[in-house]
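Let's take a walk through a structure together, one piece at a time. Keep the 3D view open as you read.

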Amino acid sequence: MKVQPKFRQIKSKLWLFLWFFLGIVAVLPVISMVVEVVVRGLQGLSPAVLDQVSASSFGGNLIHAIAGTIIITLLTAAVSIPVGLMVGVYLAEYPNHRFMRILRGLVTTMADLPAVIGGLFVFSMITTHMDDWSMIYSSIALSFVLMPRLIRDTEQIFHNVPSIIREGALAIGATKWQLIFYVLVPSCFRFLMRQWLHGLARVMGETAPLIFTSFGDHAVSLPLAAFTFAKGPMKGWILEAWGRSLLLLVFVSILLLVSKQISRRVVH
Amino acid sequence: MADVVAAHDVSAYYGQTKVLRGVTLEIRPNEVTAIIGPPGCGKSTFVRCLNRLLEAIPDARMTGDIFLGEQNVYHMTAEETRRKIGMVFHRPNPFPTMTIFSNVAAGLRLQGLRNRSSIADRVERSLRSAMLWDEVKDRLQMPAVLLSTAQQQQLCIARVLAVDPSVLLLDEPASTLSPMATLQIEELIEDLKTHYTILIVTHNLQQAARVADKTAFFLSGEMIEYGKTTHLFTTPKDKRTEDYVTGRFG
């Protein structure tokens with residue numbers, strides 16, 4: 001049977017509408033969440049609410065939480081980025097080493113573990129023994145979450161370097177280490193940077209590992225403060241939670257925007 | 001100073017697969033020697049044996065001996081061998097984040113040379129030898145990837161020349177270039193042979209006929225015939241060579 005052009009046009013438009021509709025369905029929760037966080041967060045950050053909470057006995061200093069978030073993120077970066085880079089390079093550049101398979105298996109398993117496991121691990125191994133809560137423990141727990149992801153990303157980025165670039169370096173007498181640090185790392189740097197920022201943006205919002213490692217000090221970081229306030233009985237506290245969520249959203253968005261800017265440069 | 005490169009009974013394997021079968025070949029200095037043959041005949045593998053680049057490929061290995069002048073290359077380090085036996089690849093591979101200057105200087109810096117004026121001298125000399133100096137002398141700090149494909153290939157030749165090799169291996173150096181750019185590279189090869197031993201791998205028979213003094217024909221990992229280019233193309237001794245150069249296969 002011959003298909004009429006008109007029927008095909010209608011069918012095409014129907015499909016187009018369906019994709020558009022599904023696209024809206026997918027994006028709507030994100031948009032509504034962002035709008036909700038911004039609207040309520042702004043209320044939560046108003047001087048009146050902040051004064052009210054500061055006056056209460058519940059210590060919720062906003063500056064502490066912001067500083068805490070930045071410090072924890074920087075500490076996590078300081079641990080995870082060097083380790084992620086070195087192990088990722090090892091996996092990518094020495095694929096025939098004996099422990100490679102075991103290591104890759106471990107990294108894959110760790111990367112897929114829920115973040116709370118990292119927190120629980122640090123809690124049982126360190127926090128309970130030290131009998132204390134600390135931002136350093138939180139950073140270690142977050143590093144457990146971030147490191148395997150960075151290792152996996154680094155390995156993938158190094159795999160994507162065309163073999164002809166490697167051969168070019170070796171052909172002028174580069175040793176393996178010179179190849180890695182003189183040619184491959186600079187060539188991959190923007191891609192690595194993008195993944196680092198992405199990873200940090202992800203862990204910045206993690207709450208679960210922090211519950212076990214710095215719960216004793218609820219003001220230590222934005223996600224934990226938001227979590228603690230949200231559980232509170234008073235209306236002002238709930239508003240405070242929204243305020244901290246908004247700040248967290250801003251920080252994460254900044255990191256993602258910078259990361260996006262870097263990827264644009266990568267493409268061009 | 002150009003040196004003889006001699007391969008004695010060289011075989012190569014990728015895993016269990018033998019891809020090169022006992023090739024013995026002497027490449028004379030100040031001449032251009034071409035290797036021709038259909039795809040998969042072991043041309044590029046042979047070239048990678050000469051500068052020990054095959055070692056960088058996982059699961060690849062070779063047997064036999066390679067001599068550079070009087071010296072067995074396996075008595076040198078792989079890095080030293082590769083500096084003395086330079087290689088240019090089938091498509092330009094400048095280091096993507098480096099400027100034109102840094103690309104050419106890369107090999108010198110990797111050797112630990114730090115003296116700026118001496119590096120600058122070597123870079124200029126290499127770019128002149130690669131016939132690229134006049135085109136890039138005013139934009140040495142420009143990213144190398146912004147050059148045209150032909151210029152990038154000349155840059156890669158300059159990068160190799162900078163580390164002062166005695167032998168140049170060219171693995172299909174013009175395969176991605178336009179006819180005009182190919183001609184330019186061929187003129188460059190003609191010019192370079194006065195100072196270097198040159199081995200060129202090519203799938204382009206006309207190119208071999210144009211640039212090579214001697215030609216070797218490879219088939220299924222074996223060297224079938226080797227001799228003066230004019231003889232090999234006009235009066236080949238082996239039937240398989242004749243079939244290949246007359247276009248009956250390949």
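Start with a stretch to be careful about: over residues 55-59 of chain A, pLDDT stays under 50. That score is the predictor's confidence in each residue, from 0 to 100. For residues 55-59 of chain A the model has two contacts beyond four places in sequence, where a contact means two residues whose C-beta atoms, placed from the backbone, lie within 7 Å. Where pLDDT is low, the predicted coordinates should not be read in detail.

Residues are numbered from 1 along each chain as its sequence is written, and chains are lettered from A and ligands numbered from 1 in the order in which they are written.

How confident is the predictor in the rest? Chain A averages a pLDDT of 84, with 89% of its residues scoring at least 70. Within chain A, confidence is lowest in helix H2 (residues 47-55), at a mean of 60, and highest in H7(A), at 93. (Helices, H or I with at least four residues, and strands, E with at least two, are DSSP runs numbered from the N terminus.) Chain B averages 93, and 100% of its residues score at least 70. For the complex, the predictor gives an ipTM of 0.92 and a pTM of 0.81.

Now look at where the chains meet: 17 residues of chain A are in contact with 23 residues of chain B. On the chain A side, helix H7 (163-170) and helix H8 (176-204) are the elements that give two or more residues. That side divides into 10 nonpolar, six polar and one charged. Here Ala, Val, Leu, Ile, Met, Phe, Trp, Tyr, Cys and Pro count as nonpolar, Asp, Glu, Lys and Arg as charged, and the others, Gly among them, as polar.

Over in chain B, find an open sheet of six strands in the order S6-S7-S8-S3-S9-S10, with mixed pairing. Two strands pair if DSSP finds at least two bridges between them. Strands S6 (85-88) and S10 (222-228) of chain B stand at the edges with a single partner strand each, so one side of each has no neighbour in the sheet. Strand S9 (residues 214-219) of chain B pairs with S10(B) in the antiparallel sense over six bridges; B:Ala216, for instance, has B:Tyr226 in S10(B) as its bridge partner.

Chain B also has an open sheet of four strands, ordered S2-S1-S4-S5, with antiparallel pairing. Two bridges join strand S4 (residues 60-68) of chain B to S5(B), and B:Leu68 stands opposite B:Gln71 in S5(B).

Finally, how do helices H3 and H4 of chain B cross? The axes of H3 (residues 100-110) and H4 (residues 116-129) of chain B come within 9 Å and cross at roughly 115°. Axes are lines fitted to C-alpha atoms, for helices over the stretch in contact, and angles run from 0 to 180 degrees between N-to-C directions. H3(B) and H4(B) are therefore roughly perpendicular, a label for angles of 65 to 115 degrees. Among the residues making this contact are B:Phe101 and B:Leu108 of H3(B) and B:Ile119 and B:Arg122 of H4(B).

How values were computed. Predicted model: local features only at pLDDT ≥ 70, side-chain atom pairs only at ≥ 80, totals over all residues. Parallel < 35°, antiparallel > 145°, perpendicular 65-115°, else oblique.
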